[in-house]
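Hello,

Here is the structure for you to look at. My notes follow below it.

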Amino acid sequence: EYVLPEVNIFEEKDGYTLEAEMPGVNKDGLEVLLEGNELTIVGHRQHTPIAGEPIFRESQTADFRRVLL
């Protein structure tokens, strides 16, 4: 199961910049795959156990994945 991250894509004179909202993902947890015209980004979160019982939680603990064509 994956969470769909929100992305912004900007065209610049030398190429493109892609920003993806993937909280909890560091550089080592990021995968970028390009196959033909399909760009896939995957962000693996580092799961830190939290002491106590959650009372309210909106964020999911699943990893991120987005495919752009």
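**What was found**

Leu-18 is partly exposed, because its relative accessible area is 31% (buried means under 20%, exposed over 50%, partly exposed in between, with a 1.4 Å probe and protein chains only). The model is predicted, so local features need pLDDT of at least 70 and side-chain atom pairs pLDDT 80 or more, while totals for chains, interfaces and linings use all residues. Residues are numbered from 1 along each chain as its sequence is written, and side-chain values use heavy atoms, without hydrogens and water.

Leu-18 sits in strand S3 (strands are DSSP runs of E, at least two residues, numbered from the N terminus).

S3 (residues 15-20) pairs with strand S2 (residues 7-12), antiparallel, over six bridges. Pairing needs at least two DSSP bridges. A hairpin of two residues links S2 to S3. Glu-12 has Gly-15 as its bridge partner in S3.

There is also an open sheet of four strands, in the order S1-S6-S5-S4, with mixed pairing. Its edge strands are S1 (2-3) and S4 (30-35). S1 and S6 (residues 63-68) run parallel, joined by two bridges. Val-3 has Phe-64 as its bridge partner in S6.

Best wishes
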